[in-house]
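Please look at the sequence and the model below.

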Amino acid sequence: MALAPTVPLNDGHAIPQIGLGTWPLDDDQVAKAVVTAVELGYRHVDTAVRYGNEAGVGQGVRDSGLPREELFIATKLDGVYQGQDRALEGMEESLKRLGLDYVDLLLIHWPLPHRDEYISTWKTFERLQTEGKVRSIGVSNFKPTHLERLMEETSVVPAVNQIQLTPSITRIDERAFNDSHHIVTESYSPLGAGRDLLNAPVLANIARKYGKTPAQVVLRWHIQAGLVAIPKSANPQRMKENIEVYDFELDQQDLSAIDTLDAGRDAGVDSDIQGH
Ligand code: A2P
């Protein structure tokens, strides 16, 4: 069993490049999945208040028998907790559900620009980081315009921006912006969330060439792009596949073929109007 390598963060910490996505698993399912994941070499689990499964993630962490510090646990503050004081409450409640003293990464789940609370929320995140309740702080679904404002009005640059990203939703502009500010881009729904992507003939051809599966080809694409990815599965065979992506390399021809899956700049969620 090999552990996924880590990617350095701008705050001195590091994030395992492959993590376990947990939506929409319930508490029981996720507790079992975390134990299996740890056995397979996963050290990073991604949850959120909104997923309603933080308690199960915490249970899985304890059941895994691994020392807490060997795991990287990320959660996301829900929109209802945005705001200076609400964010403090939100973190306290998440830690309680998880049964942990700290999380490795806390993200603002959505910018919700119409609510205009992500600046005050972020200032609370800075405080939570200073207090040691969270090691690294970051955002999710933030566009460059949201990040620009955040960086102008606050003092800590986010360590991570977790965005919907897959070969059909490539977010080229967002990635370039994140890179230019040393913000790690993390891909959610990296496999296309179980929709048509994995059936693309282009992926089947490449997978055949390496004796891999289409999902492994897609995850390898994320890795070669320097992204962090959190594929979701509770199926042990798929979980195993999803972390065994470090023993082959896509060549230029493969990457060009995968480029044909790109659905363009407007593909995917629009976080100026969507979110919760
Ligand atoms: P399942 O949960 O039944 O294993 P994403 O991480 O992009 O949200 O994708 C999750 C979806 O992809 C789920 O439907 C999951 O199904 C499926 N999936 C996860 N890993 C694999 C894999 N290795 N091969 C095929 N499908 C997978």
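Eight strands form an open sheet in the order E3-E4-E5-E6-E7-E8-E9-E10, and their pairing is parallel. Strands (E, at least two residues) and helices (H or I, at least four) are DSSP runs numbered from the N terminus, and two strands count as paired if DSSP finds at least two bridges between them. Strand E3 (20–21) and strand E10 (228–229) stand at the edges; each has a single partner strand, so one side of each is left without a neighbour in the sheet. E3 runs parallel to strand E4 (residues 44–46) and is joined to it by two bridges. Within this pair, Leu 20 stands opposite Val 45 in E4.

This is a predicted model, in which local features need pLDDT of at least 70 and side-chain atom pairs count only at pLDDT 80 or more, while totals for chains, interfaces and linings use all residues. Residues are numbered from 1 along each chain as its sequence is written, and side-chain values use heavy atoms, with hydrogens and water left out.

Two loops carry backbone features to look at. In the loop between E3 and helix H1 (27–40) lies Pro 24. The peptide bond that joins Trp 23 and Pro 24 is cis, with omega about 5 degrees. The other loop, between strand E6 (103–108) and helix H4 (118–130), holds Asp 116. Asp 116 is not a glycine, yet its phi is positive, at about 55 degrees.

Where does the ligand sit? It sits in the largest pocket. A pocket is found on a 1 Å grid over the protein atoms alone, as an open set of points where a 1.4 Å probe fits, with protein on both sides within 12 Å along at least five of seven lines; a molecule sits in it if more than half of its atoms lie within 2 Å of its grid points.

Polar contacts are pairs of N or O atoms within 3.5 Å. An N or O atom in the side chain of Lys 232 is 2.5 Å from an oxygen atom of the ligand. For Ser 233, a polar side-chain atom lies 2.5 Å from a ligand oxygen. Pro 190 takes part through a polar backbone atom, 3.3 Å from an oxygen atom of the ligand. Taken alone the ligand exposes 570 Å², of which the protein buries 78%, by the Shrake-Rupley method with a 1.4 Å probe.

How values were computed
A polar contact is a pair of N or O atoms within 3.5 Å; within protein, one must be able to donate a hydrogen and the other to accept it, and residues adjacent in sequence count only if both atoms are side-chain atoms. On a 1 Å grid over the protein atoms alone, a cavity is a set of points where a 1.4 Å probe fits but cannot get out, and a pocket is an open set with protein on both sides within 12 Å along at least five of seven lines; lining residues have an atom within 4 Å of a point.
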